[in-house]
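Please keep the displayed structure in view while reading.

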Amino acid sequence: MSQSVLFLRNVTIYQEKKVILSDVNLEVNHGEFIYIIGKTGSGKSSLMKTLYADLPLTDGQATIVDYDLATLKEANIPFLRRKIGIVFQDFKLLPDRNVNENMLFVLKATGWKDETEMQSKIDEVLDKVDMKSFSKKMPHQLSGGEQQRVAIARALLNDPELILADEPTGNLDPQTSVEVLEVLRKINANGKTVIMATHDYALLLKFPSKTLKCENSTIFEVVQRAV
């Protein structure tokens with residue numbers, strides 16, 4: 001396995017033929033925690049969508065968890081996504097199933113068969129985010145922060161090499177945002193690579209880490225200074 005979990009060289013990202021980001025050069029190594037910041041519309045989500053192959057890569061070189069995005073066939077996208085855990089702003093839990101059933105749905109969809117192994121894995125990931133006692137609750141019975149913890153647990157089910165979190169605190173109040181970020185930092189401390197898009201600058205100050213900024217159709221590293 002290569003040292004880098006993500007490598008982009010001379011990448012241009014388009015949305016409906018419009019250039020969103022150009023000349024993107026980026027390398028992310030295993031175990032890093034990286035923020036991507038920028039105003040709404042600056043390209044954060046477009047970059048994330050390119051990384052999990054929701055937007056096709058047409059210009060430049062890019063590898064992520066050992067998959068070549070430039071040559072990736074549609075049939076292989078599900079296999080790529082099994083090696084990436086994705087956390088969304090709006091949780092994306094299935095509203096008609098309880099927490100445990102939401103987890104079961106993902107495992108079955110990604111090829112798990114053994115009932116005992118599936119339940120053991122579900123218990124393990126819910127325990128990591130302190131949500132094991134909520135497994136029989138329906139999503140509407142949970143607070144926003146609890147739903148996001150479940151979403152993070154769901155992202156861990158297939159033991160991904162990389163977590164992509166796209167504005168994971170965007171719908172949460174400041175205190176809950178801190179709690180969710182602490183969960184992501186703990187996961188990172190246990191060896192997972194995390195790339196998190198955010199516009200919550202208060203979190204950056206509280207939990208400083210390597211930061212990339214999308215601005216004027218480019219992405220560049222910014223140095224955080226202690227306040």
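In this predicted model, helix α6 lies across β3 (33-37), β7 and β8 (193-197), and runs at about 140° to β3. Helix α5 lies across β6 and β7, at about 165° to β6.

| Helix | Strands it lies across | Angle |
|---|---|---|
| α6 | β3, β7 and β8 | about 140° to β3 |
| α5 | β6 and β7 | about 165° to β6 |

The strands named above belong to an open sheet of six strands with mixed pairing, in the order β6-β7-β8-β3-β9-β10. Because β6 and β10 (218-222) stand at the edges and each has a single partner strand, one side of each is left without a neighbour in the sheet. From one strand to the next, the twist averages 20°. Strands β9 (residues 210-215) and β10 run antiparallel and are joined by five bridges; T211 stands opposite V222 in β10.

The loop between β7 (162-166) and α6 (174-189) contains T169. This residue, T169, counts as buried because its relative accessibility is 4%, below the 20% limit for that class. Apart from neighbours within four places in sequence, T169 is in contact with S177, V180, M196, T198, D200 and L203.

The largest pocket holds about 550 Å³ of space. It is lined by 19 residues, of which R81, I86, V106, T110 and R154 are the closest to its centre. At least two lining residues come from each of α2 (77-82), β6 (84-87), α3 (99-109) and α5 (144-155). By type, the lining comprises 11 nonpolar, four polar and four charged residues.

Definitions and conventions: Residues numbered from 1 in each chain as written. Predicted model: local features only at pLDDT ≥ 70, side-chain atom pairs only at ≥ 80, totals over all residues. Heavy atoms only, no water. 1 Å grid on protein atoms, 1.4 Å probe; cavity = no way out; pocket = protein on both sides within 12 Å on 5 of 7 lines; lining within 4 Å. Points joined across faces, edges and corners; volume = space filled by probe spheres on them. Helix = DSSP H or I, 4+ residues; strand = E, 2+ residues; numbered from the N terminus. Nonpolar A, V, L, I, M, F, W, Y, C, P; charged D, E, K, R; others polar. Buried < 20%, exposed > 50% of the residue type's maximum accessible area, 1.4 Å probe, protein only. Contact = heavy atoms within 4.5 Å. Pairing = 2+ DSSP bridges. Axes fitted to C-alpha atoms, helices over the stretch in contact; angles between N-to-C directions.
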